[in-house]
Amino acid sequence: MTITRAIRKAFLAIEQSEGAGARVRRSIGTPQLRNFSPFLMLDHFTIKPGAGFPDHPHRGQETITYLLEGAVDHEDFAGNAGTIEAGDLQFMTAGKGIMHAEMPRQNADGSANVGMQLWVDLPEKLKKCEPRYRDLRASEIPNIDIDDGKVHIKVISGQSHGVDSVKELAYTPVWIFDIDIKPGGKINQNLPEGWNAFAYTLSGSTSFGVGADKTSVGQFHNVVFEQKGDQIYAEVEDGAKENGRFCKLTFFPS
């Protein structure tokens, strides 16, 4: 018998300054959410023209960057360089240490570059591994529609409704989904029991949970789930004016 996870807490990610002129909504790594192993930090970033994240160090963790709008160039002191564009992801393993920079492309219309970056703590045995990069292009990500086309799922990593992701990109076991629900749509997403899980709401209003635990959550919130249970239930009311979109991430607790 499946058990739907209850919400432990849901809170708004407050916008703040970061880097050189960038703005981020940080939820993990704040007083609202600490000690959420193996997650260290989650930023929903907006980089306008002239802003960015110039040279800065990383060590002992992995970063997962998911670009939602625009394009970002990255490079490090070891000579690695590349670009991710809207819908692409970059998995960077810092390992024993790296100096890294992420700077936005200048969009022709002057619009901002928008994305999410998650910092994940590496297990002790991997903290001094060699740095590496792995990119996942938008065209490589499997997609699936369920509930008569009312729910669209990008299976970035893990398994959803019979669809497996293309490849493993992080040392730490991770399932990542980008889920878009039209008004009247609903989803039951299975996940391994005991894994830490959260959903970050990108747009609209989405209800999570069932019965007395059902909670409607608006844009820019982090929804943290209890570990008990093996599925997440989410829906958008039939009369909603816009879709509900969220990224759901689950990791094995290190």
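Colleague: Which residue of β10 stands opposite Asp73?

Modeller: Asp73 stands opposite Met103 in β10. Strands are DSSP runs of E of at least two residues, helices are runs of H or I of at least four, and both are numbered from the N terminus. The model is predicted, so to speak of a local feature requires pLDDT of at least 70 and side-chain atom pairs count only at pLDDT 80 or more, while totals for chains, interfaces and linings use all residues. Residues are numbered from 1 along each chain as its sequence is written, and side-chain values use heavy atoms, with hydrogens and water left out.

Colleague: How many bridges join β7 to β10, and in which sense do the two pair?

Modeller: β7 and β10 (residues 98-104) are antiparallel and share five bridges. Two strands are said to pair if DSSP finds at least two bridges between them.

Colleague: And what joins β7 to β8?

Modeller: There are five bridges between β7 and β8 (residues 81-85), which also run antiparallel. Ala71 has Glu85 as its bridge partner in β8. The two strands form a hairpin with four residues between them, and Gly79 in that turn has a positive phi of about 95°.

Colleague: Moving to β9: how many of its residues are buried?

Modeller: Five of the five residues in β9 (residues 89-93) are buried. Buried means under 20% relative accessible area, exposed over 50%, and partly exposed in between, with a 1.4 Å probe and protein chains only. The burial applies to both faces of β9: Leu89, Phe91 and Thr93 lie on one side, with Gln90 and Met92 on the other.

Colleague: Which strands pair with β9?

Modeller: β6 (residues 61-69) pairs with β9 in the antiparallel sense over five bridges, and Tyr66 has Leu89 as its bridge partner there. β12 (residues 132-136) is also antiparallel to β9, again over five bridges. In that pairing Thr93 stands opposite Arg132.

Colleague: Which residues have the most contacts inside the largest nonpolar core?

Modeller: They are Ile28, Leu89, Phe91, Leu118 and Phe198, in a core of 32 residues. β4, β6, β9, β11, β17 (174-181), β19 (196-203) and β24 each supply at least two of its residues. The largest contribution comes from β11, with four residues. There is also a second, separate core of 24 residues, which includes Ile7, Ile146, Val217 and Ile232. A nonpolar core here is a set of buried Ala, Val, Leu, Ile, Met, Phe, Trp, Tyr and Cys residues joined through side-chain atoms within 4.5 Å. In soluble globular proteins, nonpolar side chains tend to be buried together.

Colleague: What is Leu118 in contact with, leaving aside neighbours within four places in sequence?

Modeller: Leu118 is in contact with Ile28, Phe39, Met41, Leu42, Glu62, Thr63, Ile64, Phe198, Leu249 and Phe251. Contact means heavy atoms within 4.5 Å.

Colleague: How many cavities of 30 Å³ or more are counted?

Modeller: The count is one, and the largest cavity holds about 80 Å³ of space. The elements giving two or more residues to its lining are β6, β11 and β24 (244-251). β11 gives the most, with three residues. On a 1 Å grid over the protein atoms alone, a cavity is a set of points where a 1.4 Å probe fits but cannot get out, a pocket is an open set with protein on both sides within 12 Å along at least five of seven lines, and lining residues have an atom within 4 Å of a point. Grid points are joined across faces, edges and corners, and a volume is the space filled by probe spheres set on the points.

Colleague: How is the lining of the largest cavity divided by class?

Modeller: That lining has nine nonpolar, one polar and no charged residues. Ala, Val, Leu, Ile, Met, Phe, Trp, Tyr, Cys and Pro count as nonpolar, Asp, Glu, Lys and Arg as charged, and the others, Gly among them, as polar.

Colleague: How much space lies in the largest pocket?

Modeller: The largest pocket has about 290 Å³ of space. It is lined by 19 residues, and the closest to its centre are Phe53, His56, Glu102, Gln117 and Trp119. By class, its lining has eight nonpolar, six polar and five charged residues.

Colleague: Finally, which peptide bond is cis, with omega near 0°?

Modeller: The bond from Ser37 to Pro38 is cis, and Pro38 lies in the loop between β3 (22-26) and β4.
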